[in-house]
Amino acid sequence: MKFLPLIWAGLWRKRGRTILNFLQVTVAFALFAVLQGVKTGAENAVAAARGDLLVVHDAQGFHPLPLGLLAAIKAVPGVQRAIPVEIFGATYQKPTQPLAVVAVTPEAGWERAFTFTVSPQQLAAFARTRTAALMSVEIAKRYGWHVGDHVPLLTSTPQMNGSTTWTFDIVGTYTDTDLGGNRIQILVSYPYVDEARFGGKGTTHHFNVAVADARQAVAVAERIDRRFANSAHETQTESLREMAQAQLQSIGDLNFLIRAIVSAVLVALLFATATSMIQSVRERLPEIAVLKTVGFTDWVVFLLILGEGLVVFVSAAAAGILLASAAFPFAAEFVRGISMPASMIVIGVASAALAGLLSAAIPALLSARLRVAAGLAGR
Amino acid sequence: MRFLRQFLQLLLMNLAGFRQRLGPVLTILIGVTCAVGALVSMLAMGSGVRRQALGDARPDRVVFTSLEGQGSQGSIPREEAAAVRSLPGIRRGLQGQPIVVSQVILPLQARRRGTGKRTFYLLLGVSPGLTELVPELHLTDGRMFRPGLHELIASNACVRQFSDFGLGDKRDIHGNDWTVVGHFDSGQSQNCVVHTDDETLMAVFGRNTYSQVTALLHSPADFAALRAALQADPALHLEVRLEAEVIAAEFKEFTGLLNFISYFIGTIMALGAILGAVNSLYSIVDSRRRESATLRAIGFGPAPISAAVLCESILFALPGAVLGGILAWLFFDGMSTSPLGFTFQLSVTPRLAEIGIAWSLAIGLLGGLLPALRAARMPVSAALREV
């Protein structure tokens, strides 16, 4: 404890240099935190994705499946609820304002096969009106829509009357608990869309399936696929979590780059701080010699200089990580789920401590080996 | 004149003494190397995508798309696709027919070699005339598909990346057996593309519309006339764009994202390098207090002294840019990567080298500014009294 004032005095011996070192380490660890936060954000999205909600789609991609499969899927043991889902793209007013239109059958309890949360009144309104639509909270904000609005949407899906403009009545909002889900979309009624559209009648993009027992999800998925094996419409059934995992895998190569960058930053940082600490110790050789003269052992002097490195690195790393974490709520709009788990903070601070010790090692050795006479002479 | 002479003398003197200041000099160098190296290698992803995607684009090839959807989302009725053939400016093939090819584009599933992971490739059902429309496409193995027989030709990238694309392999597509009868290369493209005839594919998938129509012009100059004729025809609800425009639009969001990430990380690293440079230069300037004061005393002005420090800073930073660029090129150029699903090679271009050099100049300049001021402002008498 009594050495702390000494470490403190050593640090503030040359204020400008210490502040610059501090800032350098802060910047480096802020970058570390941002990169790490993005990575854990993506992993969080996978972990949070529902493993008990299944999506049944065409085995070769997302080609339309006939609605006739619905009864067979519902008959598979373990399936609690199956809802056909049709998806098409649309634009609102301008080509630069796209959104997705998701059509679902508004039968009782349909929302349990999805990750959406809707209030009971709005759920009832959605089931009552044929042209009803539920909008996401995000789309309401982006395009300024309110409950009660009629929104005309330009699509590439023609209606029976030849028009490709579909108009829906907004009856409510929903929130999506799936971190990876598309936010700019509205939910509409499948029976209405299927009846009004010109082509593709009686087909659907995929089916959403809720299972009775979450632990049986994998077995149910296999049962569904086996049911349609060797038929004209082979299916592939996967959980939302499996789909999120596949997405994460495709950005896996970025991991390599992130690691390369973090190591480049650390190398540059170590070198910069080590040279600046050597410089600082050289200037203080007479003072260190005085310390030794009044009875400080080589060992204590060694630890004092190590302490300086440690204090700068650990405090600056903490500041950098804090700074980045403070910016996360703003970044969350672009990188959903961005976050910093406690374990990463510990790893960050620990690696900062290690880097601090490494960069102070040479100057600490220099001062420990210093001979008093030479030091006092300023040589 | 006097300024210039003093400046040059100072600069030479400062540079001559750099051996005694190896630590600070190396700090600047390594800092800049890392910052520029990271920036250039990240930007190389974006430039790799652009180069690969736009590498095969021809200025005389145009793409017709429906107004509402593009790519595999497009929907062009048969009559409209047929009407495109009579538009003006379109080149004619050997048999005198216009070089216009209608395409059905379907994303289908494939499995990666080795890992067996699922991924997507594009199957294009094309109307006759593909080889005249895409002269850079040439078969490396096997033969062309014959219409009506459920035959496929696959690019060599498919064979490299995915399983079951070998010659004679059967693929199950929508309940039918399809045979791979040929392999081809098409320009620089590294993506898996598979071709078959349009009618068979449309019959199997029960489709009645094309995704897009592509045509070859007599010359790029005919584009304006073609567009005018298209807009004047009330029966055609299509949009026509040059091939390069269509590809650039497809990749805009992706390269935009890559570039944003690159510059974001590059800026943070440059900030770190600037701080390191300031620190090093301060210590260099401080270690020269006596020399500087002596020089001031014998008549050197403050302006040449600070200009020399600034120049020194830039000169130490510049080799870092070269080194960083070379390292990025050594490690990453030509490396295949496939973030976000599609494969491309990183490409370190001269343009990126320029950006790297600009970056290092900025780091040197900003890092040298404050130390240069301090060098000029140093009180002569106080510095000399320390001697």
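User: Which residues of H2(B) and H11(B) meet?
Analyst: This is a predicted model, to begin with. From H2(B) the residues are B:Val32, B:Ala35, B:Val36, B:Leu39, B:Val40, B:Leu43, B:Ala44 and B:Ser47. On the H11(B) side they are B:Leu352, B:Ile355, B:Gly356, B:Trp359, B:Ser360 and B:Ile363.

User: How many nonpolar, polar and charged residues does that contact have?
Analyst: The contact of H2(B) with H11(B) has 11 nonpolar and 3 polar residues, and no charged ones.

User: At what angle do the two helices pack, and how far apart are their axes?
Analyst: The angle is about 150 degrees and the axes are 9 Å apart. H2 covers residues 22-55 of chain B, and H11 covers residues 350-377 of chain B.

User: Parallel or antiparallel, then?
Analyst: Roughly antiparallel, because angles over 145 degrees are counted that way.

User: And is the crossing left-handed or right-handed?
Analyst: H2(B) and H11(B) have a right-handed crossing.

User: Switch to chain A. How do H11(A) and H12(A) cross?
Analyst: Helix H11 (residues 298-331) and helix H12 (residues 342-369) of chain A cross at roughly 150 degrees, and their axes come within 7 Å. The two are therefore roughly antiparallel to each other. H11(A) passes H12(A) in a right-handed crossing.

User: What classes of residue make up that contact?
Analyst: The contact of H11(A) with H12(A) has 21 nonpolar residues, 5 polar and 2 charged.

User: What about H1(A) against H11(A), what's the angle there?
Analyst: Helix H1 (residues 4-11) of chain A packs on H11(A) at about 70 degrees, with 9 Å between the axes. H1(A) is therefore roughly perpendicular to H11(A). The crossing of this pair is right-handed.

User: Which residues are involved?
Analyst: A:Leu6, A:Ile7, A:Gly10 and A:Leu11 in H1(A) meet A:Leu304, A:Gly307, A:Glu308, A:Val311 and A:Val312 in H11(A). By class, that contact has 6 nonpolar, 2 polar and 1 charged.

User: OK, zoom out. How is chain A divided, and how far apart are the domain centres?
Analyst: Chain A has domain 1 (4-47 + 253-376) and domain 2 (61-233). The centres of domain 1 and domain 2 of chain A are separated by 52 Å over C-alpha atoms.

User: How many helices and strands are in chain A? And is the chain spread out or compact?
Analyst: Chain A has 13 helices and 12 strands. Its radius of gyration is 31 Å, well over the 21 Å from the globule rule for 379 residues, so chain A is more spread out than a compact globule. The C-alpha atoms of chain A fill a box of roughly 100 × 45 × 30 Å along the principal axes.

User: And the figures for chain B?
Analyst: Chain B comes to 12 helices and 14 strands. The C-alpha trace of chain B spans about 95 × 50 × 35 Å along its principal axes.

Note on methods. Residues are numbered from 1 along each chain as its sequence is written. Chains are lettered from A and ligands numbered from 1 in the order in which they are written. This is a predicted model: local features need pLDDT of at least 70, side-chain atom pairs count only at pLDDT 80 or more; totals for chains, interfaces and linings use all residues. Domain bounds come from an automatic or database domain assignment. Axes are lines fitted to C-alpha atoms, for helices over the stretch in contact, and angles run from 0 to 180 degrees between N-to-C directions. Helices (H or I, at least four residues) and strands (E, at least two) are DSSP runs, numbered from the N terminus. Angles under 35 degrees count as roughly parallel, over 145 as roughly antiparallel, 65 to 115 as roughly perpendicular and the rest as oblique. A crossing is left-handed if the near helix is turned anticlockwise from the far one by less than a right angle, and right-handed if clockwise. Two residues are in contact if their C-beta atoms, placed from the backbone, lie within 7 Å. Ala, Val, Leu, Ile, Met, Phe, Trp, Tyr, Cys and Pro count as nonpolar, Asp, Glu, Lys and Arg as charged, and the others, Gly among them, as polar. The radius of gyration is taken over C-alpha atoms; the globule rule is 2.2 Å times the number of residues to the power 0.38.
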